[in-house]
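Student: I have a new model open and would like to learn how to read it. Could you walk me through it, feature by feature?

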Amino acid sequence: MSAAIRVPSARCKQPGGSQPAANLQPIIFSRVERHARIHTGDRPYQCDECGRKFNREGNLTVHKRIHSGEKPYQCEECGKKFSIVGNLSVHKRIHTGEKPFECDVCGKQFNRESNLTVHKRMHSGEKPFECDECEKKFSLKQVLIAHKRTHTGERPYECDVCAMKFSQGAHLAEHKRRIHTGEKPYVCKVCGKKFRQQSALRKHESIHKGQ
C-alpha cells in the first residue's frame, strides 16, 4: 500500500496570533507536484533541439547548454569554464589538493567519488562490464569499449604523420614516440635512464631490484 504524501500546513507568525500563510501554499504544492514526478515518470519539460524530456525545468536549462555551448561557471584560478556548477566544484579540488573521498580498505584518497568507486574494484575484484561477444569482464567501461574493437576491427585513432590507424589512443601515442618523435617520457627513478615504453622501464627497473 502506497503511503500518502503529507503536505505540511504553512503558518506565519503575525502580531496577535498564528495565521495560515495562504500565499505559501502554492509553493508547497508545487514542490509536492515536482516530487510526485519521480513516481509517475512525468517529464513535462522538453528540449526543442533534440526532443529529450525532463521532470524539472532546471534540468532542461542545464541540458540546453550542451546545444548552446554555454559555460557560465568559471574557475577563478585557471579560467576554465563549466556548464554545471557541480563540475566546477570538483575541478577546484585540482588547485586545492582536496581529496574528500577515502578508500576504507587502503586509505587512498580521491577528489571524485566516481574515482573511488572504480578504485574499490581493485580490492573487491568486481568487473561489472561484460563483453556481449566473448563474455570477458572488465572493471572499467572504457576498457570494455576498447576491447570491443578487437571484435569489430574498428581503429578510430589515426596518426597525423603517417595515417596509420589504431584501436586505442595509448597505442597511437606509443607509435608516435617510437617512430616519429623519439620522445622518452618514462624515467627510471634510480638512475634517470629514459624509455619510450612503460614496459621497457619496468624491465629495466628489475635490474635495480636485483642489486
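Predicted model: local features only at pLDDT ≥ 70, side-chain atom pairs only at ≥ 80, totals over all residues.

Student: What percentage of the residues count as buried?

Tutor: Buried means under 20% relative accessible area, exposed means over 50%, and partly exposed lies in between (1.4 Å probe, protein chains only). Of the 211 residues in the protein chain, 17% count as buried.

Student: How many helices and strands does the protein chain have?

Tutor: Both are DSSP runs numbered from the N terminus: helices are H or I with at least four residues, strands are E with at least two. The protein chain comes to 7 helices and 14 strands.

Student: What does UniProt list for this chain?

Tutor: UniProt positions are given in the numbering used here, feature names are shortened, and annotations may be inferred rather than shown by experiment. The unreviewed UniProt entry lists "domain: C2H2-type" for residues 45-72, 73-100, 101-128, 129-156, 157-185 and 186-211. In the model, residues 101-128 are 43% helix and 14% strand, with end C-alpha atoms 21 Å apart. Residues 157-185 are 45% helix and 14% strand, and there the end C-alpha atoms are 20 Å apart.

Student: How far apart are the end C-alpha atoms of helix α3, and what span should its residues give?

Tutor: The expected span of a helix is 1.5 Å times one less than its number of residues. For the 12 residues of α3 (residues 85-96) that should be 16 Å, and the end C-alpha atoms are 17 Å apart, which agrees. Just after α3, G97 takes a positive phi of about 80°.

Student: Which residues of α3 are buried, and what do they pack against?

Tutor: They are L88, V90, H91 and R93. These buried residues pack against β5 (73-74), β6 (81-82) and β7 (101-102).

Student: Which residue forms a salt bridge with K92?

Tutor: Side chains of opposite charge can pair when their charged atoms come close. The rule for a salt bridge is a side-chain nitrogen of Lys or Arg within 4 Å of a carboxyl oxygen of Asp or Glu. By this rule the count comes to 8 salt bridges. In one of them, K92 meets E76 at 3.4 Å, N to O. E76 lies in the loop between β5 and β6 and K92 in helix α3, so the pair ties together parts that are 16 residues apart in sequence. E76 is exposed at 62% relative accessible area, while K92 is partly exposed at 30%.

Student: Where do K120 and D104 lie in the chain?

Tutor: These two side chains meet in a salt bridge at 3.8 Å, N to O. K120 is in helix α4 (residues 113-124) and D104 in the loop between β7 and β8 (109-110), 16 residues apart. K120 counts as partly exposed at 34% relative accessibility, whereas D104 counts as exposed at 61%.

Notes
Residues numbered from 1 in each chain as written. Heavy atoms only, no water. Contact = heavy atoms within 4.5 Å.
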